[in-house]
Amino acid sequence: MNTDEIRAALAAATPGPWDATYDPADRWTSITGQQYGEYVCPEVATCEGDVGTDAHLIANAPTWLAELLAEVDRLTATLDTLNQTEPL
């Protein structure tokens with residue numbers, strides 16, 4: 001796993017949180033980003049139909065990826081510390 005590539009892609013993406021909404025009137029699911037600074041990303045993705053479970057995953061991916069990367073960093077630091085400890 002190339003965590004540097006994941007970190008770069010996450011940093012370049014529209015900041016979250018993202019939101020997934022389904023409009024039954026026009027049968028579209030929209031995944032929208034949030035306003036940041038003077039810019040607004042109105043739609044990250046739009047899909048025809050109610051793709052609730054897929055949209056939920058896509059909308060939460062940036063947050064979940066950031067949390068997973070933080071956990072990888074924490075576990076790596078713990079492992080590094082354990083590897084530097086002298087055996088008893």
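**Asp19 and its surroundings**

Reader: Leaving aside neighbours within four places in sequence, which residues is Asp19 in contact with?
Author: In this predicted model, and with its neighbours within four places in sequence left out, Asp19 is in contact with Ser30, Ile31, Thr32, Gln34 and Ala59.

Reader: Where does Asp19 lie, then?
Author: Asp19 lies in strand E1, which covers residues 19-23 and pairs with strand E2, residues 28-32, in the antiparallel sense over five bridges.

Reader: And which residue in E2 does Asp19 stand opposite?
Author: Asp19 stands opposite Thr32 in E2, a residue that is also one of its contacts. Elsewhere in this pairing, Thr21 stands opposite Ser30 in E2, and Ser30 is likewise among the residues that Asp19 touches.

Reader: How many residues sit between the strands in that hairpin?
Author: There are four residues between the strands in the hairpin of E1 and E2, and Arg27 there takes a positive phi near 60 degrees.

Reader: Back to Ala59, what separates its C-alpha atom from that of Asp19?
Author: The two C-alpha atoms are separated by 5.6 Å, although Asp19 and Ala59 are 40 residues apart along the chain.

Reader: Let me zoom out: what order do the elements run in, from the N terminus on?
Author: The protein chain has two helices and five strands, and from the N terminus on these run α-β-β-β-β-β-α.

Reader: Where is the confidence lowest, and where is it highest?
Author: The mean is lowest in strand E4, residues 39-40, at 61, and highest in H1, at 91. Over the protein chain as a whole the average pLDDT is 82, with 84% of the residues scoring at least 70.

Reader: What share of the residues is buried?
Author: Of the 88 residues in the protein chain, 15% are buried. The accessible surface of the chain comes to about 6600 Å², and carbon and sulfur atoms account for 57% of that area.

Reader: Is Thr3 buried or exposed?
Author: Thr3 counts as buried because its relative accessible area is 18%, which is under the 20% cut-off. Thr3 lies in helix H1, residues 3-12, and, not counting residues up to four places away in sequence, touches Leu69 and Val72.

Reader: Changing topic, how many salt bridges does a search of the whole structure find?
Author: That search finds two salt bridges. One of them joins Asp73 and Arg7, with the closest N and O atoms 2.5 Å apart.

Reader: How accessible is Asp73, and what about Arg7?
Author: Asp73 counts as partly exposed at 38% relative accessibility, and Arg7 is also partly exposed, with a relative accessible area of 30%.

Reader: Which residue forms a salt bridge with Arg74?
Author: Arg74 forms a salt bridge with Glu71, and here the closest N and O atoms are 2.7 Å apart.

Reader: Why are Arg74 and Glu71 separated by about one helical turn?
Author: The separation is about one helical turn because Arg74 and Glu71 are three residues apart in helix H2. Arg74 is partly exposed at 46% relative accessibility, while Glu71, with a relative accessible area of 33%, is partly exposed as well.

Reader: Last one: where is Trp64 found, and which residues does it touch?
Author: Trp64 is found in helix H2 and, when residues up to four places away in sequence are not counted, touches His56 and Leu57. At 34% relative accessibility, Trp64 counts as partly exposed.

Definitions and conventions. Residues are numbered from 1 along each chain as its sequence is written. This is a predicted model: local features need pLDDT of at least 70, side-chain atom pairs count only at pLDDT 80 or more; totals for chains, interfaces and linings use all residues. Side-chain values use heavy atoms; hydrogens and water are left out. Buried means under 20% relative accessible area, exposed over 50%, partly exposed in between (1.4 Å probe, protein chains only). Contact means heavy atoms within 4.5 Å. Accessible areas come from the Shrake-Rupley method with a 1.4 Å probe; for residues, only the protein chains shown count as cover. Two strands pair if DSSP finds at least two bridges between them. A salt bridge is a side-chain nitrogen of Lys or Arg within 4 Å of a carboxyl oxygen of Asp or Glu. pLDDT is the predictor's confidence in each residue, from 0 to 100.
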